[in-house]
Amino acid sequence: MKTILRDGMRLEVAYDSVIPTKVLLDVGLSPISRLVYGLMSSMRTVDGVCRATNRELSQLLGISERSVGNSVRMLSRAKYVKVIYSRGGKRGTTKNVTISV
């Protein structure tokens with residue numbers, strides 16, 4: 001695990017960001033979506049799931065939460081990620097994103 005500090009936020013990442021060529025060269029994705037994919041892939045757990053919130057991802061990339069949400073939807077439509085929502089808990093609705101590629 002690597003620890004990265006950004007704007008006072010401490011982040012534990014398991015891997016460096018890797019964006020597969022298939023994702024990188026997909027002209028149907030925005031450049032931001034490709035970066036979001038790379039960051040989510042570096043933040044995935046051993047079971048391949050990224051549990052980072054849109055807020056966490058937006059703060060790390062310096063973009064809006066809305067841009068992150070749009071990117072995740074775009075990646076999901078392209079079948080590069082699978083999004084599973086669950087309700088309950090202290091945080092309300094949570095989202096688990098499984099990296100597919």
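Tutor: Let us begin with Met40, whose place is in helix 2; helices here are DSSP runs of H or I with at least four residues, strands are runs of E with at least two, and both are numbered from the N terminus. This is a predicted model, in which local features need pLDDT of at least 70 and side-chain atom pairs count only at pLDDT 80 or more, while totals for chains, interfaces and linings use all residues. Residues are numbered from 1 along each chain as its sequence is written, and side-chain values use heavy atoms, with hydrogens and water left out.

Student: Why is Met40 called buried?

Tutor: Buried means under 20% relative accessible area, exposed means over 50%, and partly exposed is in between, with a 1.4 Å probe and protein chains only. Met40 has a relative accessible area of 1%, so Met40 is buried.

Student: Which residues does Met40 contact, leaving aside its neighbours within four places in sequence?

Tutor: Contact means heavy atoms within 4.5 Å, and on that basis Met40 is in contact with Cys50, Leu57, Val72, Leu75, Val81, Val97 and Ile99. For one of these, Leu57, the C-alpha atom is 8.0 Å from that of Met40, although the two residues are 17 apart in sequence.

Student: What makes helix 2 roughly perpendicular to helix 4?

Tutor: Two packed helices are described by the angle between their axes and the distance between the axes. Helix 2 (residues 31-42) and helix 4 pack at about 85°, with their axes 9 Å apart; the axes are lines fitted to C-alpha atoms, for helices over the stretch in contact, and angles run from 0 to 180 degrees between N-to-C directions. Angles under 35 degrees count as roughly parallel, over 145 as roughly antiparallel, 65 to 115 as roughly perpendicular and the rest as oblique, and therefore helix 2 is roughly perpendicular to helix 4.

Student: Which residues meet where helix 2 and helix 4 pack?

Tutor: Ile32, Ser33, Val36, Tyr37 and Met40 in helix 2 meet Ser71, Val72, Met74 and Leu75 in helix 4. The residues of this contact divide into seven nonpolar, two polar and no charged, where Ala, Val, Leu, Ile, Met, Phe, Trp, Tyr, Cys and Pro count as nonpolar, Asp, Glu, Lys and Arg as charged, and the others, Gly among them, as polar.

Student: How do you know that Lys95 is buried?

Tutor: Lys95, which lies in strand 5 (residues 94-99), has a relative accessible area of 16%, and so Lys95 is buried under the cut-off already given. Not counting residues up to four places away in sequence, Lys95 touches several residues, including Cys50, Arg51 and Val72.

Student: Why is Pro20 called partly exposed?

Tutor: Pro20, in the loop between strand 2 (9-13) and helix 1, has a relative accessible area of 22%, which falls in the middle range, so Pro20 is partly exposed. Pro20 touches Tyr37 and Val101, not counting residues up to four places away in sequence, and the C-alpha atoms of Pro20 and Val101 are separated by 7.4 Å although they are 81 residues apart along the chain.

Student: What makes Lys79 exposed?

Tutor: Lys79 is found in the loop between helix 4 (65-77) and strand 4 (81-86), and because its relative accessible area is 65%, Lys79 is exposed. Its phi is near 65°, a positive value in a residue other than glycine, whereas most residues other than glycine have a negative phi.

Student: Where in the chain is confidence lowest, and where is it highest?

Tutor: Confidence is expressed as pLDDT, the predictor's confidence in each residue, from 0 to 100. Strand 1 (residues 2-6) is lowest, at a mean of 60, and helix 1 (residues 21-24) is highest, at 96, while the chain averages 83. Where pLDDT is low, the predicted coordinates should not be read in detail.
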